[in-house]
Structure formats: C-alpha cells, structure tokens
Amino acid sequence: MSHSIAVIPGDGIGNEVMPEGLRALEAAARRFGIDLNYTHFDFACCDYYLAHGRMLPEDWFDRLKGFDAIFFGAVGDPARVPDHISLWGSLLQFRRAFDQYINLRPCKLLPGIRSPLAGRDPGDMDFYVVRENTEGEYSSIGGRMFEGTEREVVIQETVMTRIGIDRVLRYAFELANRRPRRKLTSATKSNGISITMPYWDERVKAMAGHYPEVTVDQYHIDILTANFVLHPDWFDVVVASNLFGDILSDLGPACAGTIGVAPSANINPDGTYPSLFEPVHGSAPDIAGRGIANPIGQIWSAAMMLEHLGHQAAAQAIVTAFEAVLTEGDPRVLTPDIGGQGNTRTLGEAIAARIEG
Ligand code: NAI
Ligand code: MG
C-alpha cells in the first residue's frame with residue numbers, strides 16, 4: 001500500500017527532529033512493507049517568509065490538498081518574525097482549510113520520564129484528549145463598539161453546531177470503543193455556561209445511546225483540571241470543546257512529563273483533506289542549532305500518522321521501540337532534557353534500530 005506524505009519541517013528544532021521522525025518512519029516502512037512517498041516543502045517557515053513576504057505560496061492549498069497526510073515539525077522564529085504571523089500564516093491555515101476538526105493528544109506516562117505528579121509510575125496515566133478544533137469558543141462572531149469611550153463594549157460569541165459537536169463526539173466514542181477500558185469523559189461547564197454547555201451535554205447523552213458499551217461520565221472543567229492532577233488514572237478518552245480542550249491538551253501532556261516527547265494529530269476523519277501530525281512542542285529557539293532536541297515528540301507523531309493511515313502494527317512498533325529505549329535508559333543515548341548526554345541523532349538512531357527489530 002502506498003501513501004503520499006507532505007514533509008514540512010518548519011523552523012528551529014523542527015529541522016533537527018524531522019530527520020529522526022523520517023528515520024523512524026522508514027524503519028517501520030521497511031519492516032512492515034509500507035510504501036511511503038515523501039515530498040519535501042520549504043515553505044511554512046520564517047526563512048520563506050523573509051524571502052517572499054508570506055509564510056505560504058499562493059497555491060499552497062492546491063499543492064497540499066491531495067496528500068494522504070502532512071508530517072509537520074514546528075514553526076516560529078520570534079526574533080525574526082512575530083509569532084502571530086508565523087503561526088496564523090501557516091499551521092492555523094492548514095487546520096482550517098483542511099477541516100481538521102479533531103485535535104488528538106495522547107497523555108501517557110512513559111518509562112524513564114519523571115512525571116511532575118508525585119508518586120506516579122508508567123501505567124498510572126494513559127489517556128487521550130480529544131479537542132474540537134474548529135468552532136466553539138474560538139469564533140469570529142462578535143466585535144467592539146464605542147471604542148475608547150465609556151460605553152466601550154466587546155462581545156465574542158461561542159458557536160456550537162449540532163454537526164460540529166456530533167462529529168467530534170462520534171470520533172471520541174469510536175476511539176473509546178476501541179480501547180480496553182471503553183470509558184469516555186466529557187468536559188462541561190453547564191452550571192455556569194447555561195446555554196451552550198447544556199446543549200453539549202445533551203448531544204453527549206444522545207451519542208452515548210449509540211455506544212452502549214462505553215461508560216460515560218462528565219465533569220465541570222474546573223474540577224476536571226484538578227482531577228487530571230489528582231487522579232490521572234481515572235481517564236481513558238476525554239472529549240472537550242475547543243477552549244476546554246485547549247487547556248486539557250496542554251495540561252495532560254504536562255502531567256506526563258517533558259514537552260519534548262508529546263505528539264499530536266490534527267485529523268480530518270472524513271478523509272476529504274489530509275490530516276496533519278506534529279509534535280506538541282514549538283521550534284525551541286533557546287536550544288535550536290545544537291542538535292540536542294528530543295526527537296520523541298516527532299517520532300511519536302509519525303506513529304500516530306501511520307495509525308491514521310491504517311497501519312496499526314507499524315504504529316505500535318514505533319511506540320514499543322521508544323518505550324524500550326527509554327526503559328533501557330542509556331545516558332549516552334538519551335537527550336539532555338531527559339537526563340542524558342546524547343543528542344537528537346543518538347536517540348533517533350537507537351529508536352530506529354529497535355523498530356527494525
Ligand atoms: P517551545 O515548545 O518551542 O519551547 C518551550 C521549552 O521547551 C523551551 O525551553 C525548549 O527548549 C523546550 N523544548 C521544546 N521542545 C523540546 C524538545 N524536543 N527537546 C528538548 N526541549 C524542548 O515553546 P516556546 O518557547 O513557547 O515557543 C518557541 C517558538 O515555537 C515560538 O515561535 C512559538 O510560536 C512556536 N511554537 C510553535 C508550535 C507549533 O509549531 N505547533 C507550538 C508551540 C510554539
Ligand atoms: Mg494550547
């Protein structure tokens with residue numbers, strides 16, 4: 001089976017972790033007989049912006065829309081280009097135009113990575129945050145009136161649609177249904193936000209009717225954030241609106257340890273457009289150019305991409321490989337952020353060698 005992949009490394013450490021992501025992909029492709037065809041793009045980075053006055057070429061949509069997936073590094077170089085330009089001009093364009101309405105982040109405590117939560121070990125935390133990625137609290141409906149006067153008024157409306165809610169819920173229920181615990185937690189705030197959040201809860205109830213084997217619970221967002229810290233073992237699949245999901249999808253991986261290992265997927269489950277896979281971290285200008293960035297976030301994103309493309313076993317082989325390397329904990333191999341003296345390449349090569357078996 002053959003897949004076309006658009007490769008966009010971006011800025012800073014994006015350029016350093018991307019080769020290791022590709023190394024892992026190639027190793028998995030060889031072992032499992034998957035045919036991956038890469039096309040490399042030099043746009044969506046600040047060098048491109050400084051040369052062309054824009055982050056993307058005018059025809060970017062047509063050039064990218066036919067790919068099976070986009071494998072992305074990180075964008076941003078705040079010393080040369082303001083962050084709102086680099087991020088809005090690239091990544092956020094992809095998410096919108098390709099209707100990537102699912103933002104998926106695994107929150108898993110890995111062996112050899114110390115959690116900031118005291119007394120937690122691998123196995124105590126293994127869940128997914130599923131964030132609605134296109135509507136909700138992040139709407140463009142609203143405005144400002146009587147600017148600069150005493151009557152100044154500012155309004156921004158939350159937009160929740162039945163289509164928008166149901167499609168993220170369906171994805172989350174399907175995911176929960178495939179996992180052994182079959183548990184889904186919904187983030188709400190229907191006690192305070194008394195119109196849209198009760199509607200969200202209503203749709204959760206309706207969708208739950210189609211998935212009798214999934215256990216469903218819900219928490220208000222305030223106590224839910226507390227429970228991520230106090231009881232990370234309670235969760236399996238957590239589904240949330242755009243704003244609540246934004247918060248939970250940073251808090252979850254943070255509870256699991258270093259940002260360098262966290263992956264994410266921006267998914268269009270209908271397959272009308274490519275989905276995008278990227279590490280959670282940014283371009284890390286403070287360590288860029290030194291070759292010491294942790295490549296696991298990029299490598300794990302590669303695993304999510306393979307899973308999305310239907311290669312469950314290959315995806316699992318990648319995860320098993322980096323877990324084994326972390327369990328071994330050879331300081332000559334590991335990057336400094338997880339206590340080693342190795343570099344991006346030593347860690348990437350060790351993982352690729354494991355993948356090949
Ligand atoms: P960041 O994630 O780049 O860095 C935060 C801290 O974590 C830094 O101290 C960095 O050295 C460390 N870190 C990040 N990734 C690491 C890795 N793989 N290994 C070891 N240490 C790692 O976030 P920051 O500093 O807020 O943003 C820097 C730039 O990245 C900005 O231009 C920002 O807009 C952009 N950014 C881009 C994202 C994306 O492309 N999706 C996401 C977040 C930020
Ligand atoms: Mg965020």
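**Close-up views of the predicted model**

**View 1. Residue shell around ligand 1.** By class, the shell around ligand 1 comprises 12 nonpolar, 7 polar and 4 charged residues. The model shown here and in the other views is predicted. The shell holds 23 residues, of which Gly76, Gly260, His281, Gly282 and Asn294 come nearest to ligand 1.

**View 2. Domain 1 and domain 2 of the protein chain.** The domain assignment gives domain 1 as 1-100 + 260-357, and domain 2 as 126-255. Taken over C-alpha atoms, the centres of the two domains are separated by 26 Å. Domain 1 contributes 7 residues to the contact and domain 2 contributes 4 residues. On the side of domain 1 that touches domain 2, the residues divide into 3 nonpolar, 2 polar and 2 charged.

**View 3. Crossing of helix H6 and helix H7.** A pair of packed helices is described by the angle between the axes and the distance between them. Helix H6 spans residues 162-178 and helix H7 spans residues 196-208; their axes come within 10 Å and cross at roughly 45 degrees. H6 is therefore oblique to H7. The crossing of the two helices is right-handed.

**View 4. Residues in the contact of H6 with H7.** From H6, the contact is made by Arg162, Ile165, Asp166, Leu169, Arg170 and Phe173. From H7, the contributing residues are Trp200, Arg203, Val204 and Met207. The residues of this contact divide into 6 nonpolar and 4 charged, with no polar residues.

How values were computed. Residues are numbered from 1 along each chain as its sequence is written. Chains are lettered from A and ligands numbered from 1 in the order in which they are written. This is a predicted model: local features need pLDDT of at least 70, side-chain atom pairs count only at pLDDT 80 or more; totals for chains, interfaces and linings use all residues. Axes are lines fitted to C-alpha atoms, for helices over the stretch in contact, and angles run from 0 to 180 degrees between N-to-C directions. Helices (H or I, at least four residues) and strands (E, at least two) are DSSP runs, numbered from the N terminus. Angles under 35 degrees count as roughly parallel, over 145 as roughly antiparallel, 65 to 115 as roughly perpendicular and the rest as oblique. A crossing is left-handed if the near helix is turned anticlockwise from the far one by less than a right angle, and right-handed if clockwise. Two residues are in contact if their C-beta atoms, placed from the backbone, lie within 7 Å. Ala, Val, Leu, Ile, Met, Phe, Trp, Tyr, Cys and Pro count as nonpolar, Asp, Glu, Lys and Arg as charged, and the others, Gly among them, as polar. Domain bounds come from an automatic or database domain assignment. A residue is near a molecule or strand if its C-beta atom, placed from the backbone, lies within 6 Å of it.
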